[in-house]
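Subject: Handover of a structure and notes on its contents

Dear colleague,

Please find below the structure that I am handing over to you. The notes that follow it set out what was found.

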Amino acid sequence: MESRKRTFVRALVAAVVLTAAGGAALAQAPPVKIGLLATLEGPFAAGGQDGIRGAELAVRQRNGVVAGRKIEIIKASSDAKPDVAVNATRKLVEQDKVDIMVGPLSGSEGIAVKEYSKTQPNITFINGSSGAQATTLVNPSPNFFRFNTDGGQWMMGLGKAALDKGYKRVMVIAEDYAFPYSQVQGFMAEYCRLGGKVPVKAWVPLGGKDYSSVIARVPKDVDALVVVLGGADAVNFLNQYEQAGGDKPLIGGSITVSQDILNYRGKRRESLVGTIAGAPIADAYDTPEWKAFVADYKKNFPDGYPSPSLFALVYYFNMKATLDGLEAVKGDLSDGQKKYREALTKLVLKTPVGDVRLDQNRQAIGTTFITEVVKDAQGNLYNKVLRKLDNVNQTLGLPPAEFKIGSRDEPNCP
C-alpha cells in the first residue's frame, strides 16, 4: 500500500514538472515578427495611415497573440514609389529579420515587392492594399499572397451601371501607373462591350498638382468623367474642377470615393453626391458582420474616419489572413514556412463583406459593390449599396486566354 502511494506521488510530481515545463516552453516561444509596410508619405499618406489602423485592428482582435506566440509588428513607410517600397521591404526582411511581410499599399509598389519576394523564398509575403492586376496575374511569385481582390475586380459591373445612368460617352482621368490601368480596364471592358464610348483618356502623373490642362481637354459632348485619382491627387483635381466651373457628373474609381476623400473639407466635396463607383467596400452595407466591424474600428480608433476607408478594410483582410494562417498551423513557421503557405492557400477567409478564397495564383476571389455617394442628416458623405456581386474572379468571368490586362491603351473604344 505504502509502495503504491509513493509511486502515485512520484507520478503526480512528474506530471506537474512536465506541465510546468510545457508552460515554460510556451511562455518562451519566440514572437512572430511581422513587417508592416504602408504608404505614409506622399499623396496616399492619409489612406496609408488608415491601412495601418485596419492591420492593427486584426491584431488587437486577437489580443496580440496567435497560437501562444506574441505578434510583434515592425512598421515601415514608403511614398508610393516602387523603389522606395522595395528598399523599405528589404530593410524589414534582411535587417529586422521579420518572419512575414504585410504590404504594400499602392499598385506599382505591389508589383515591385512581388518581384523582390522571389529572392526571399523562406519569407512569406502578404499584400497590403495594392491592386494592380499584374501583381498576381503576370509571373506570380510562389510566396506572395493577396487576399484582396484587385483594381479591375473592384470595377466589375460599373460599366453597366454607367450606361444605366445614361452615360454613353465618358472621358477617363486617371493616374499614370499600374493600379489605375487596372481600374480603367475593369470599367471599360464591360462598358465598351455594352456599347459605351471613351473618346479621351488623360493619364496624369502621381502626385500632380496642376490639372488645368486636363480640365481644358474635357469634351463638351461627354456625359460624365471617370475619375480614378486617390488621396491628395483627387482633392486637388476636385477643387480645381470646381474652380473651373466643371459640372460633368462623376464616375468614381474605388479610391476616389473612399472615406479619406469623402471626409476632406472643400466646396467640391458636395458635388461628389450622386457619384457611382465600384469598390470592395460599401459604407452602408447592412449586415451584422459589417456593422460589428465598423463598431470595432470606431471603438479602437476614435481618431479615424466615421467609417473605415477602403485601405483600412483591405489591410484588415490581409493581416487577418496572416493571423488565421498562423492559427491553422499552431504558429509553426518551420521548413521554410511550407506548412504555413499550404494553410494560406487553402484558407477561406471570413471577412465583414463575405468569404474570400484564393485562385491558383494566390489571388483573391471575392465581393464587389456598385455604390453611390449620398449625404446623411449630419452632412457626412458615405457610399450606399446599389448592387453586390459575389465571387468575382481576376479575369472578370472571362477565360484567361481571352483576358487582357489593363494598360494605357487597353481597352480602347473611342
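Rings of Phe, Tyr and Trp, the last with its six-membered ring, are taken as a pair if their centres lie within 6.5 Å; planes under 30 degrees apart count as stacked, over 60 as edge-to-face and the rest as tilted. By this rule the count comes to ten aromatic pairs. One of them is formed by Phe237 and Tyr241, a stacked pair with 5.5 Å from centre to centre and 15 degrees between the planes. Please note that the model is a predicted one.

Aromatic residues

Phe237 and Tyr241 both belong to helix H10, which covers residues 231–243; because they are four residues apart there, about one helical turn separates them. Phe237 is buried, and Tyr241 is buried as well. A further pair is that of Trp290 and Phe293, whose rings are tilted, with 5.6 Å between the centres and 40 degrees between the planes. Trp290 and Phe293 are three residues apart in helix H12 (residues 288–300), about one turn of the helix. Trp290 has a relative accessible area of 1% and is therefore buried; Phe293, with 4%, is buried too.

Ring pairs also build a cluster, whose members are Tyr211, Phe237 and Tyr241. A charge meets a ring elsewhere: the charged end of Arg53 sits over the ring of Tyr305, at 5.9 Å from the centre of that ring.

The disulfide

How many disulfides does a search of the whole structure find? The search finds one. Cys192 and Cys413 form this disulfide, and their sulfur atoms are 2.0 Å apart. The link of Cys192 and Cys413 is left-handed, with -55 degrees about the S-S bond. Distant parts of the chain are joined by this pair: Cys192 lies in helix H8 (residues 178–193), whereas Cys413 lies in the segment after strand E15 (381–392), and the two are 221 residues apart.

Are the two cysteines buried or exposed? The cut-off matters for the reply, since buried means under 20% relative accessible area. Cys192 has 18% and so counts as buried. Cys413 has 9% and is buried for that reason as well.

Ser141 is placed in the loop between helix H5 (134–137) and strand E6 (144–145). Its relative accessibility is 1%, so Ser141 counts as buried. The side chain of Ser141 makes a polar contact of 2.7 Å with the side chain of Ser117, and there is also a polar contact, at 2.7 Å, between the side chains of Ser141 and Asn143. Leaving aside residues up to four places away in sequence, Ser141 touches Lys114, Ser117, Lys118 and Arg362.

Thr322 is found in helix H13, which runs over residues 310–328. With a relative accessible area of 0%, Thr322 is buried. The side chain of Thr322 reaches the backbone oxygen of Asn318 at 2.7 Å. Which residues does Thr322 touch, not counting those up to four places away in sequence? They are Ile34, Ile100, Val102, Ile126 and Tyr340.

Yours sincerely,

A colleague

Terms used: Residues are numbered from 1 along each chain as its sequence is written. This is a predicted model: local features need pLDDT of at least 70, side-chain atom pairs count only at pLDDT 80 or more; totals for chains, interfaces and linings use all residues. Side-chain values use heavy atoms; hydrogens and water are left out. Buried means under 20% relative accessible area, exposed over 50%, partly exposed in between (1.4 Å probe, protein chains only). A polar contact is a pair of N or O atoms within 3.5 Å; within protein, one must be able to donate a hydrogen and the other to accept it, and residues adjacent in sequence count only if both atoms are side-chain atoms. Contact means heavy atoms within 4.5 Å. A charge sits over a ring if NZ of Lys or CZ of Arg is within 6 Å of the ring centre and within 35 degrees of the ring normal. A disulfide is a pair of cysteine sulfur atoms within 2.5 Å.
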